[in-house]
Amino acid sequence: MKFSLISPTFDRPEEVREFIASAAALRYNRGDFEVILADGTPQDGLRATVEAASHAAGLPVTFLQEDYLPVSEARNLAARHAQGEYLIFLDSDCLLPEEYLQHLTEGLEAEGWDAFGGPDAAPEDFSPLQKAISFSMTSFWTTGGIRGGTTRTATYYPRGFNMGMKRSVFEAVGGYDVHFKTGEDIDLSIRIQQAGYRVGLIPKALVWHKRRSTLPQFFKQVRRFGSARWALAQRHPGQLKLTHLFPVFLTLGTLFSILLGPISGVPLPIVFIGYFLVPAVLAGAQYRSPRIGLLAVASTVVMMSGYAYGFMEALLGRGLHTKRG
């Protein structure tokens, strides 16, 4: 078997149904891939949904369950049961385009990567808010392309929503570190690169990434990303770059400008206003929708402030990675 498609799950039955349906629609030899879900839903509450979705899609699914199974433990558990030459780690809120595995195969044949990743995007049928969030997370203006906008090994680290590697590579580096509670996917990518393996991007192997459906949920998600960045910097010296601090500088600069403006009589600097208004133009043009453009302003504010909040929490010793051990 060539590919093992692995995803951790926790409740969210609709997500899982859609994920299984997208895997069943892949244009690829069914004998060359498998789907493994490792679930932490208490009292085995997701099993009936998975079995029904598997039956409806005509796609066998290996379902592993332990109450409150954490993400890294879930991925490692699934990897131990995997039969594929390549382990592909995905998030359950991702949908797979029909040609996903074909694009992976072509990329591997062309480049021979030991570990690899692909980008994420939003298709036409996603909601306006999902498209706005996708813009904020993937645009060069907002993230600098670090989630799949570069093919340079030195700056690109595959991430857990769409990353793969040879099974032998996963085993050689010890898999996911279960003691590293946030940013565990990037930690694994860094360790793979440090071990001397070839890591690269397969640009065509994208996934449709639904992410969170509300701005408060999105804030909670990016708060974890901010906390993860500080944790990664502590574990891997030299990994913290000036670009990683940009959301913190932007958020603090905006806040100080708002607070000091009435005292000093100086209006909010145009640089801050301008930065947050640019997504309205770029996202609006990309999706041909002024509404999505305005939502992209809101999602960019949430993304920058949530990341900055999580980073500052971690910096002060109150971050999510410290609270969870």
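This is a predicted model: local features need pLDDT of at least 70, side-chain atom pairs count only at pLDDT 80 or more; totals for chains, interfaces and linings use all residues.
Let me start with helix α5, residues 128-138, and helix α9, residues 215-235, which pack at an angle of about 20° with their axes 12 Å apart. The axes here are lines fitted to C-alpha atoms, for helices over the stretch in contact, and the angles run from 0 to 180 degrees between N-to-C directions. Helices (H or I, at least four residues) and strands (E, at least two) are DSSP runs, numbered from the N terminus.

Residues are numbered from 1 along each chain as its sequence is written, and side-chain values use heavy atoms, with hydrogens and water left out.

Back to the pair: α5 and α9 are roughly parallel to each other, where angles under 35 degrees count as roughly parallel, over 145 as roughly antiparallel, 65 to 115 as roughly perpendicular and the rest as oblique. Which residues in α5 and α9 meet? From α5 they are Leu-129, Ile-133 and Met-137, and from α9 they are Leu-215, Phe-218, Val-222 and Phe-225, with contact meaning heavy atoms within 4.5 Å. By class, this contact of α5 with α9 has seven nonpolar, no polar and no charged residues; Ala, Val, Leu, Ile, Met, Phe, Trp, Tyr, Cys and Pro count as nonpolar, Asp, Glu, Lys and Arg as charged, and the others, Gly among them, as polar.

Is α5 mostly covered or uncovered? Nine of its 11 residues are buried, so to speak mostly covered, where buried means under 20% relative accessible area, exposed over 50% and partly exposed in between, with a 1.4 Å probe and protein chains only. Among the buried residues of α5 are Lys-131 and Phe-135.

By class, the contact of α1 with α2 has seven nonpolar, two polar and one charged residues.

Now to the aromatic rings, where rings of Phe, Tyr and Trp (its six-membered ring) pair if their centres lie within 6.5 Å, and planes under 30 degrees apart count as stacked, over 60 as edge-to-face and the rest as tilted. The count by this rule comes to 12 aromatic pairs. One of them is the tilted pair of Phe-3 and Tyr-28, at 5.9 Å centre to centre and 55° between the planes. Phe-3 lies in strand β1 and Tyr-28 in the loop between α1 and β2, so the pair ties together parts that are 25 residues apart in sequence. Phe-3 is buried, with a relative accessible area of 0%, and Tyr-28 is buried as well, at 17%. Together with Tyr-86 and Phe-116, Phe-3 and Tyr-28 form one aromatic cluster.

Finally, the loop between β1 and α1 holds Asp-11, which has a positive phi of about 60° although it is not a glycine, and which is partly exposed, with a relative accessible area of 39%.
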